[in-house]
Amino acid sequence: MKVFAFVLVIVTGIMLVVTAADFPAWGDAHSPPNQYLSTHYITQAEHETAVPNMVTAVLADYRGFDTMFETAVVFCAGLAIAAILGHEKKKRYVVRRKALPKTEEGDIIIRMATRFLVPVTQLFAMYVIAHGHHSPGGGFQGGVILAATFILMTLAFDLKTILGRFSEKMTLIWANVGLFIYAGIGVLCVLLGSRFLEYSALHKILPGTDEIMARSHSMLGVEIGVALTVMSMLFAIYAHLVSKGRLEDGL
Amino acid sequence: MSDVLTFIISRFNYWIYIVLMMIGLYAMIAKRNYVKKFIGMSIFQTAIILFYVSTGVKSGATIPILEHGHDIGHAAAAINPDHYANPLPHVLMLTAIVVGVATLGVALAVVQKVHDQYETIEEPEILFKLGQE
Amino acid sequence: MIWQFDLFILVLLVITALVALKVRDLLSAAMIFSIYSLLMCLLWAEMGAVDVAFTEAAVGAGLSTVFLIATILRTTRRTTD
Amino acid sequence: MSENLPFLVIAAPLFGALVASLVGWARPRYCYAIAMVSLAAGLTAAIALLVKVSGTVSGYEYRLGGWPPPIGIQHWVDPLSALILVVITAVAFLAVMSARANLQLELPGKERFVYPLMLLMVTGLSGMTLTGDAFNLYVLLEITSLSSYALVAIGRGRAAASCLNYIIMGTIGASFYLLGVGYLYLKTGSLNMIDLRQIMIAGDMHGSQTVITGFILITVGFWIKMGLYPLHGWLPNAYSFAPHAASNLMAPLMTKVSVYVSLRMMLSVFTPDFLAVHALWAQTALLVATIAIIAGSLIAYSQTDVKKLLCYLVVAEVGYMAGGMWLMNRAGITGTIYHIAADAFMTCCLFLGASGLIASTGSRHIRSFRGATRRMPWTFAAFLVGGLSMIGVPPTCGFFSKWFLIQGAIEGGAWHFVAALIFSSLINALIFFRIIELAYFKDVEHEDDVSHPPQVQRNEAPWGIRIPLFITSVVIVLLGVFSPRVINWIERFVDSVGVT
């Protein structure tokens, strides 16, 4: 197997190296990818969507359909892991105390630090979501940070305690709500007589907006949807992985 | 000689991405431990992301966020495209990173299930136990 | 961007990738993979892809590693290869 | 509203998946109804789309987000994608219809996961058929793959172990595709399929090393995804150890959609002219396909496990399509497209029949077909329609696809491919006549086990499996009877892309 893999890797590598000689030089501002579509996005994005962060504009508007399925991929992964690990027969499940930290006692310093850190981090996550139009960030990054705060809490306290506040059922509901927000905004556009995800149609129901501002505002809505799905599903994935699907005894 | 050197230096990102990708591919095929295989899978995917991000780089350009946001209003003509990095590969790779972590999560869940059944995560041992059934 | 800096990180990336696959302790492998992701994030930030770097820092260096550690906790830490 | 049909085809299963996952938490038994309703809605929209396309010249586009094509994402509906879309939604409808009976036997209590995952998979498959954007296709491919990994791994026994291999191979395939798209993007700066073609023709890039490598990466990526012979390693184990409910949906659809996407890439992105320039590659691919057909058939003949046997038949059938598209002439491409449709229904019929057999006898061994004509005449008759179609007996659709493929191979002078097709038909005939012999001439009483009563008990498959099985077998015959109309429809597309 090793010899086979080695030969395969060498052959593929040589093919790719030979091809790389044909590439435009690295950092060339006049190579095709940096010229054709990129110019439109750079010069027109602010003009057409009122969002200075071009990445957010392209992500949530020009290529919003991709992002909807990206969110659906996270949703799908959450369901998949729950399906693979969840609800198994509780056969000969012995908690190996040696391998697990003593969660009952815990460390007072870590607990107190977590108590201070979590609200601040969550606030920062919301800033990342809301300010994605003007600075790096957006729904996905914010959602990951929110999920990370829940993971931090399970590390400091106990998986069961945190699942008591944010149960598997709640994660499923919030993930659904997130995707419903995203797809719902798309369908709303269809109902208003436009095409799927064509946000400019929403200026008819959003007060005080024109077609361009409607795009900007709906992008915020979409980002919130992404953040909700990502937050709840990534936390659910962690909870399942760390407890082998039993959701009772983890880190 | 100096031509060759410039040629190599002007594309060194691409050479390294190929090296990283081949390391990942080799690990996915030849490593026996499944966790190692999936670490290799992540390296493989990040190498592809590195390739995409490298295609969008412009020397001397800044990050793809307009300076002064709303202040210039809608003066689109004033924006110089060469001044900003290409945003499209970044968008594509955000999606690819998400897909990568989702795949890793599912793969690790399957590893746990296999460990439940066969008490091992080494490929040859699993095959041996399957042969015994 | 400074190409010397780039080259330095790229060489470190290759080293960390090799080491992550070489060590026999899976927990160390996961941690070195985390370093690999963080270096990758640094490289992208330096190339101007701030959004991608942000995501990689949160996902690659953060969540992927946590998932790997969770799996190692639930399975085994030792390996022969 | 009729303008929005392409989005309805995708949105119906997506919303179905969301609702099913929510409702399934409290009331798992309603999941089945939700899944059926959303798939029926998807099927209706797909048929409406087919009718709509028949009124246009070459198809029409749907702009998501209202952005013009190279800037935004576009759906491109032409006769080919409309036809494949109807096949996908119809097969998915039939396969999911049979899922309830299978799930009750195999995985009670997991309905609330299985139905949403199945619906997400159908969403991805329909999206892959419709999309006109190369990167969007990758995202949809991944959602399909992730749900299929889960559907395989959810099974008992060896399912999880074989899924690990599937995940690794599947990821390599999808990543190769992503890298190939990246190479094209580096050279053209675009991601839209039609735009890519135009830029490559305008810039005369067909000889460029980057474009050729991109093409090789995309092709090899989809060879892995469709399970072409030397790269098929994951397919038989994953599909045969998966729960029956999942393999009934995956085996007919996953490979066919990969073939479709590969064909779409060849014809719509890389034009036939590009392939004419690189004739050596075409000959190599044809040789690989020939080996795939022969190897798949021979391995299938040596199997005793019914599901494994069918899986290796799938491997052989993939060889038919992978070879047919490389013939690059009118009859060959027509035969390939017709075979995608025909094979989806044939495979669906055989897998449904096998799951019905396993449900009523409890054994996967080929010996359990003994006395099937007495014990389960109806189930076996419907299964046999699929088998006859696989051999290529005239009134069924399998005959016509094989006819066109052989015609195309003779025109192209690919005699080894003709020989492989005929050889594979003979092996299929041997396999199915062995099954008929077991079913008709060997009775249950002849077994050593004397505990069976002398009077054979009727033991048909559950109704939940029998109804979709009957519908599928009727569709196979209908598709054969109406083949001239279908062929006309396909030729409309083939002529529009300029294959001669």
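Chain A contains nine helices and zero strands, where helices (H or I, at least four residues) and strands (E, at least two) are DSSP runs numbered from the N terminus. The model is a predicted one, in which local features need pLDDT of at least 70 and side-chain atom pairs count only at pLDDT 80 or more, while totals for chains, interfaces and linings use all residues. Residues are numbered from 1 along each chain as its sequence is written, and chains are lettered from A and ligands numbered from 1 in the order in which they are written.

How spread out is chain A? Its radius of gyration, taken over C-alpha atoms and compared with a globule rule of 2.2 Å times the number of residues to the power 0.38, is 23 Å; the rule gives 18 Å for 251 residues, so chain A is more spread out than a compact globule. The C-alpha trace of chain A spans about 60 × 60 × 35 Å along its principal axes. Of its 251 residues, 52% count as buried, meaning that 20 or more other C-beta atoms, placed from the backbone, lie within 10 Å of the residue's own.

I turn to confidence. On pLDDT, the predictor's confidence in each residue from 0 to 100, chain A averages 84, and 91% of the residues score at least 70. Over residues 88–100 of chain A the pLDDT is below 50.

Next, the interfaces. Two residues are in contact if their C-beta atoms, placed from the backbone, lie within 7 Å. Five pairs of chains are in contact, and chains A and B share the most contacts. There, 51 residues of chain A meet 45 residues of chain B. On the side of chain A that touches chain B, H2(A) gives the most, with eleven residues. That side has 31 nonpolar, 14 polar and six charged residues; Ala, Val, Leu, Ile, Met, Phe, Trp, Tyr, Cys and Pro count as nonpolar, Asp, Glu, Lys and Arg as charged, and the others, Gly among them, as polar.

Between chains B and D, 25 residues of chain B are in contact with 22 residues of chain D. H4(B) supplies the largest share of the chain B side, 13 residues. By class, this side of chain B has 18 nonpolar, five polar and two charged residues. Finally, no contact joins chain C and chain D, whose closest C-alpha atoms lie 15 Å apart.

Note on methods: A residue is buried if 20 or more other C-beta atoms lie within 10 Å of its own, exposed if 12 or fewer, and partly exposed in between; C-beta atoms are placed from the backbone.
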